[in-house]
Protein chains: 2
Amino acid sequence: MVGIQGRDLMTGSRVRVAFQGEVGAYSEEASLTFFGQDIDTLPYRTLTEVFHAVENEEAEYGLVPIENSIEGSVFQTYDLFLESKLMIWGETVFKVTHCLISKEKDISSVKEVYSHPQALGQCRKFLERLGCTLIASYDTAGSVKILKEKNLPNAAAIASERAAKVYGMNILARNIESDPYNYTRFLAIALNDNERTGNDKTSIIFSTKHVPSALYKALEPFAKRNINLTKIESRPIIGKPWEYNFYLDFEGHRVEERMKEALKELEVNSTFLKVLGSYPKAKELVVQS
Amino acid sequence: MVGIQGRDLMTGSRVRVAFQGEVGAYSEEASLTFFGQDIDTLPYRTLTEVFHAVENEEAEYGLVPIENSIEGSVFQTYDLFLESKLMIWGETVFKVTHCLISKEKDISSVKEVYSHPQALGQCRKFLERLGCTLIASYDTAGSVKILKEKNLPNAAAIASERAAKVYGMNILARNIESDPYNYTRFLAIALNDNERTGNDKTSIIFSTKHVPSALYKALEPFAKRNINLTKIESRPIIGKPWEYNFYLDFEGHRVEERMKEALKELEVNSTFLKVLGSYPKAKELVVQS
């Protein structure tokens, strides 16, 4: 269990948090905001490796993106949950603020901009005005690292404020994203989910039988118990025509009697049900009845 | 109305279809597959311009992406429908097949790869093996155009087979996408939606009141009439905490009595309802009860 300042309450040692990307990545910034500054953040190349690191206890937690307000759900994370024994321990909603980072001091000397394709896309308007060559890389913070290591002139990268700090570079422009409403919801993953706080959320994946009104029937156990849903999404199952996976989040903890009953009822009408975990709701999230 | 070979049945003239991107874009390829080869395809820079072109009758139809099996929903298209009087006239599901295109004949001479950030991301595994510099551009086919115009040596682009043909370039590799299950669903938009064929679908956007079981109640009118849903997705409304837009597709045409009743009932329980249109179902789509 994480205590104040990111120390493990049981052992007193620093908590290790795995994230995907280079040092300075948005996932690392979100980890430090969520768990506190006094943790050890461990970078991994892929989301799969982050899951493995937590499964193998190289880290107590992982912090993985699950949805972005512009790009939508991160299907890859859902897919990893299907195969993994890990559960959701927490969530945090993180405002993505892109910076233009360079060793140059004057923005007019920037001729090339490096970043992850998604970040380049999210700063499209700014970049069109700038009129530079855009070079795609596999990571936002990784681009800053490349610039630093190669000491590239006339080049800039799009990444987090933290990346500029970590690699000792200049921030030439801030908030360069086209849509200021750019939030990523991250999930903290661990070997167990979290304890009940009274202000919790539960995430599940389920599939329905091929019968009329399947989804409506699946939602009935929640509706009749006045359980609030906060997210629903259907996704066709590859190779199984007529079948869908549903990603559902609802308010409440799975140990509560009402939730237990609802999940039991849902299971009867589902071909598949996996409870990903119960965890305290992020403050910034908006929720609907 | 489109007849055989993409001619307008009323006037006999060639049908004009607006799409987003450069000549050779996947949207253009999908337009030719859907409407037939004997149409005039008109390229526009943005999706907003495609909507305007159809509104201003520069084109009879537009073909716009609505969801991709990897990237998820195209929220921008949904947003444009909210503001537009245009309706959905048809749908088509298009398999995205990425090619590596170059003036070079030997893949080993390729040092730089240009493409749209999403296409670069979708070919990540192939590109990692290739080990080139990746340069992001605003368009897949546009990258091929740049290569052609600048006569760039040691450069390749990722785009459609059609783009290679249009710009007279070589295809060095095909099917280079990491996930072979890469489908984009396109919507044909027009001033009107389509006539009833007996095998139709209807798309709507609605918002629910902030009351318990709002979504369940919203689905009841469909469930009790055994109307099959084929897509559901919740999306938080920016600036309106506790409120969501729902994107819903269901089987049936809005002129059918059963659908009319269901939509009327839904309207009573919604704060907002917009019917985007009814149209013949794409053959390739899989559908669930």
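Biologist: What makes you say that chain A is in contact with chain B?
Modeller: 39 residues of chain A are in contact with 39 residues of chain B. A contact is counted when two C-beta atoms, placed from the backbone, lie within 7 Å. Keep in mind that this is a predicted model.

Biologist: Which elements give two or more residues to the side of chain A that touches chain B?
Modeller: They are strand 4 (72-73), helix 4 (117-122), strand 8 (133-136), helix 8 (214-223) and strand 13 (229-236) of chain A. The residues on that side divide into 23 nonpolar, 12 polar and 4 charged.

Biologist: How do you know that strand 8 of chain A and strand 8 of chain B pair?
Modeller: Pairing takes at least two bridges found by DSSP. Here there are 3 bridges, in the antiparallel sense. The two strands therefore count as a pair. Within this pairing, A:I135 stands opposite B:I135.

Biologist: Why are the two copies said to be related as by a two-fold rotation axis?
Modeller: Two copies of a chain are related by a rotation about an axis and a shift along it. A rotation of 180° superposes chain A on chain B, with 0.0 Å of shift along the axis and an RMSD of 0.0 Å. The copies are thus related as by a two-fold rotation axis. The same surface serves both, since 100% of the contact residues of chain A recur in chain B.

Biologist: What makes up domain 1 of chain A?
Modeller: Domain 1 takes in 4-95 + 182-190. Domain 2 (99-173) and domain 3 (200-279) are also assigned in chain A.

Biologist: How do you know that domain 1 of chain A is in contact with domain 3 of chain A?
Modeller: 10 residues of domain 1 are in contact with 10 residues of domain 3. On the domain 1 side, the largest share, 5 residues, comes from strand 5 of chain A. That side divides into 7 nonpolar, 2 polar and 1 charged. The centres of the two domains, taken over C-alpha atoms, are separated by 24 Å.

Biologist: Why do the buried residues of helix 2 of chain A line one face of the helix?
Modeller: Helix 2 covers residues 47-55, and its buried residues are A:L47, A:V50, A:F51, A:A53 and A:V54. Seen down the helix axis, they fall within an arc of 160°, so they line one face.

Biologist: What covers the buried residues of helix 2 of chain A?
Modeller: The cover includes strand 1 (16-20), strand 2 (40-44), strand 3 (61-68), helix 3 (75-83) and strand 11 (183-190) of chain A.

Notes. Residues numbered from 1 in each chain as written. Chains lettered and ligands numbered in written order. Predicted model: local features only at pLDDT ≥ 70, side-chain atom pairs only at ≥ 80, totals over all residues. Buried ≥ 20, exposed ≤ 12 C-beta atoms within 10 Å, placed from the backbone. Helix = DSSP H or I, 4+ residues; strand = E, 2+ residues; numbered from the N terminus. Arc of directions from axis to C-beta. Least-squares fit on C-alpha atoms with pLDDT ≥ 70 in both. Nonpolar A, V, L, I, M, F, W, Y, C, P; charged D, E, K, R; others polar. Domains from an automatic or database assignment.
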